[in-house]
Amino acid sequence: MAFELDHLFIWSEVGAPEADYLINAGLSEGPANVHPGQGTANRRFFFANGMLELLWVHDEAEVRSERVYPLRLWERWQNQGQGASPFGIALRPAGPRPDQKPFPGSPYTPDYLPESLSIWIGDNAADIAEPLTFYLDFARDLANPKLNAVSHPIGVQNISAVKICTPQPILSETLQMVVSQVKTLQVLPGDQPYMEIGFDQEQQGQGYDLQPHLPLKICW
């Protein structure tokens with residue numbers, strides 16, 4: 001397998017007060033981050049092999065700029081609960097950086113990355129009913145050393161499975177390609193947007209449903 005999950009995001013309210021429910025569920029919060037020039041900010045939860053990000057818009061002018069517009073971040077955030085997907089799916093190389101991209105798309109070079117680096121944005125980005133899909137070919141090279149250092153009270157370490165439900169009955173070719181190449185990811189039709197993250201093959205047999213605060217359940 002050439003590609004794997006790097007991280008997931010869920011749109012939140014400003015300041016991501018929803019993160020407190022993840023903390024109550026037994027996760028430890030990592031350092032937050034702001035994306036200069038992109039107009040978004042986050043609160044983050046790190047695991048040994050990935051990250052969960054709660055994302056919101058903090059600067060309307062930046063997020064609606066010409067450079068950022070193709071991602072439709074403003075439209076996605078503004079239309080939460082009105083048909084826009086609350087999710088984002090980021091991939092990275094599973095080993096040595098492959099020559100090919102995992103799905104058709106175009107490069108995006110935000111202000112917060114060096115000019116030599118770019119993010120590959122799936123060509124389904126304009127369909128805000130689907131999760132935003134993107135690829136970080138540099139992610140393995142720039143792995144955050146904090147990933148392996150986070151200790152969570154409930155003892156979880158690795159993201160082992162992700163299931164996303166979407167009201168879209170037919171997935172775009174881009175999203176189908178993502179699912180076909182990442183064996184830990186399922187995207188299924190459902191009445192409402194919903195994400196379930198499994199940790200460590202769910203060996204403890206425990207779960208915590210964060211609805212209605214977040215469309216998310218964690219299992220471990």
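**Salt bridges, sheets and a helix**

Trainee: Which residues are linked in a network of salt bridges?

Mentor: Glu-4, Asp-6 and Arg-92 are linked in such a network, where a salt bridge is a side-chain nitrogen of Lys or Arg within 4 Å of a carboxyl oxygen of Asp or Glu. Keep in mind that this is a predicted model, in which local features need pLDDT of at least 70, side-chain atom pairs count only at pLDDT 80 or more, and totals for chains, interfaces and linings use all residues. Residues are numbered from 1 along each chain as its sequence is written, and side-chain values use heavy atoms, with hydrogens and water left out.

Trainee: How many salt bridges does a search of the whole structure find?

Mentor: The search finds 7. In one of them the side chains of Arg-92 and Glu-4 meet at 2.8 Å, N to O. Arg-92 lies in strand E5 and Glu-4 in strand E1 (residues 3-11), so the pair ties together parts that are 88 residues apart in sequence; strands (E, at least two residues) and helices (H or I, at least four) are DSSP runs, numbered from the N terminus.

Trainee: And are Arg-92 and Glu-4 buried or exposed?

Mentor: Arg-92 is buried, and so is Glu-4, with buried meaning under 20% relative accessible area, exposed over 50%, and partly exposed in between (1.4 Å probe, protein chains only).

Trainee: What does Arg-43 form a salt bridge with?

Mentor: One partner is Asp-20, with the closest N and O atoms 3.2 Å apart, and the side chain of Glu-29 also meets that of Arg-43 in a salt bridge, at 2.7 Å, N to O. Arg-43 lies in strand E3 and Glu-29 in the loop between H1 and E2, so this pair ties together parts that are 14 residues apart in sequence. Arg-43 counts as buried at 15% relative accessibility, whereas Glu-29 is partly exposed at 31%.

Trainee: Switching to helix H4, which residues are buried there?

Mentor: In H4 (residues 173-181), Thr-174, Leu-175 and Val-178 are buried. They cover an arc of only 95 degrees around the axis, which puts them on the same side of H4, the arc being that of the directions from the helix axis to the C-beta atoms. On the other side of H4, Glu-173 and Ser-180 are exposed.

Trainee: What covers the buried residues of H4?

Mentor: The cover includes strand E5 (87-93), E7, strand E8 (132-135) and E10, where contact means heavy atoms within 4.5 Å.

Trainee: What order do the strands take in the sheet of 5?

Mentor: That open sheet runs E10-E9-E11-E13-E12, with mixed pairing; two strands pair if DSSP finds at least two bridges between them.
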